[in-house]
Amino acid sequence: MLASFDAGLNGLEAEEAVAAHGLTIGHWPQSIAISSVGGWVATRASGQFSTAYGNIEDIIHSIEAVLPNGELVTLGKAVRAAAGPDLRHLLMGAEGTMGVITGVTFSLRAKAPHRDYSIFYADDMRAGFEAQRHIVRADWRPPVMRQYDGREVRRLFREHERGGKAMLLMVHEGPKARVDAELAAMHEIAGAAGLEAGDPLAAKTWIEKRNHVPSWRDMFERGFVADTVEISGRWSEIGAIYDASIAALNDIPGMINASAHSSHVYRSGINLYFSFAATFEDSAKMEPAYFAGWRAIMEATAKHGGGVAHHHGAGRLRKPYLHHDLGESGVALLRRLKDCIDPEGIMNPGNLIPDA
């Protein structure tokens, strides 16, 4: 149940290779057709089926990499180990700053034999978050759990819009008996939480069209500056993060969309994936609005105790905010690790590591 690939292989090609054997990697980022398997590891990525199948750190078995001094290492051998710190994590999420990933080995799973769908509506995002909390507390793990606010429902599911309510979309897969039991449990838990059942066709349509999204070039040519920003928070703070971020985005002049959905659920919390778009007659105002949108989400998230980066990595945009997650001592530790592994500073300079 292992498959090894060169790091530059296209992700969809890797998935198709194992699918020919009735297996799956189980990692389905929206970028699967345009990203590499090594890129998944370098950015510490998440896939759309992560609630049941895990994120890349749960799927990776071993990593082959070349260190800055030219040394080749393979990190990860056993199915689980207590042989000191897990050195794979020096490269997972390092975004090229600690070495060059050259190969990855994934732990696979059998392709699910059965799939079904469910849709529920909540009066607001907080009510939907609470229903999701009860679902995972009861130890159910639908592979896909996505909750859209009213604005995103109107934009993405116009035919299924229900008076501005939030929509909880779930995909259930596995042995048919388990899927049937899970569906019954979803209706019971969601109903007890005050949610209304909807047409499962909305979820089936999402599966079929989920990666058909406008390109950034399309947005620019239509006169919009836009981006998506994903964060995470514990159950006790995610509602405040959502409210504060949306309010801060809407205060930015020129903002025409401020919305969010959740897409990755955990026992102790959940993520949010914000989208914002602004437009101006004067194009000189676009860049300041872009950075203002990022700052609004980062500061609101940090203020309410959330994590400022969930699955898109830190890169250059987030590194000024990394201290909110790592603390000043954690940032200093990260710098020391970088200096030890890459004393000449030749690996992706300027990325990830906050400036001293």
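In which helix is the place of Glu-130? Select Glu-130 to begin the tour; the residue belongs to helix α5, which covers residues 125-137. Please bear in mind throughout that the model is predicted.

**Stop 1: Glu-130**

With Glu-130 still selected, display its surface. Its relative accessibility is 33%, so Glu-130 counts as partly exposed. Glu-130 and His-261 are 131 residues apart along the chain, and their C-alpha atoms are separated by 14 Å.

**Stop 2: The largest nonpolar core**

Now select Ile-231, Leu-249, Leu-272, Phe-274, Phe-276, Ile-297 and Met-298. The largest nonpolar core has 46 residues, and these seven touch the most other members. Then colour helix α11, residues 286-303, which provides the largest share of this core with eight residues.

For comparison, select Val-18, Val-41, Val-104 and Leu-352. These residues are included in a second, separate core of 33 residues.

Return to Phe-276 and show its surroundings. Leaving aside residues up to four places away in sequence, Phe-276 touches Val-225, Ala-226, Asp-227 and Val-229, among others. Its contacts also include Leu-249, Met-255 and Asn-257, as well as Ala-289, Tyr-290, Gly-293, Trp-294 and Ile-297.

**Stop 3: Aromatic pairs**

The structure holds seven aromatic pairs. Select Trp-40 and Phe-106 to see one of them: the ring centres lie 5.9 Å apart, with 40° between the planes, and the pair is tilted. This pair links distant parts of the chain, since Trp-40 is in helix α2 (residues 37-42) and Phe-106 is in strand β5 (residues 100-107), 66 residues apart.

Are Trp-40 and Phe-106 buried or exposed? Trp-40 is buried, because its relative accessible area is 2%, below the 20% cut-off. Phe-106 has a relative accessible area of 0% and is buried.

Move on to Phe-49 and Tyr-53. Their ring centres are 6.2 Å apart and their planes meet at 10°, so this pair is stacked. Phe-49 is buried at a relative accessible area of 2%, and Tyr-53 counts as buried at 12% relative accessibility.

Ring pairs link Phe-5, Trp-40 and Phe-106 into a cluster.

**Stop 4: Arg-210 and Trp-206**

Finally, select Arg-210 together with Trp-206. Which face does Arg-210 lie over? Arg-210 lies over the face of Trp-206, at 5.8 Å from the ring centre.

Methods. Residues are numbered from 1 along each chain as its sequence is written. This is a predicted model: local features need pLDDT of at least 70, side-chain atom pairs count only at pLDDT 80 or more; totals for chains, interfaces and linings use all residues. Side-chain values use heavy atoms; hydrogens and water are left out. Helices (H or I, at least four residues) and strands (E, at least two) are DSSP runs, numbered from the N terminus. Buried means under 20% relative accessible area, exposed over 50%, partly exposed in between (1.4 Å probe, protein chains only). A nonpolar core is a set of buried Ala, Val, Leu, Ile, Met, Phe, Trp, Tyr and Cys residues joined through side-chain atoms within 4.5 Å. Contact means heavy atoms within 4.5 Å. Rings of Phe, Tyr and Trp (its six-membered ring) pair if their centres lie within 6.5 Å; planes under 30 degrees apart count as stacked, over 60 as edge-to-face and the rest as tilted. A charge sits over a ring if NZ of Lys or CZ of Arg is within 6 Å of the ring centre and within 35 degrees of the ring normal.
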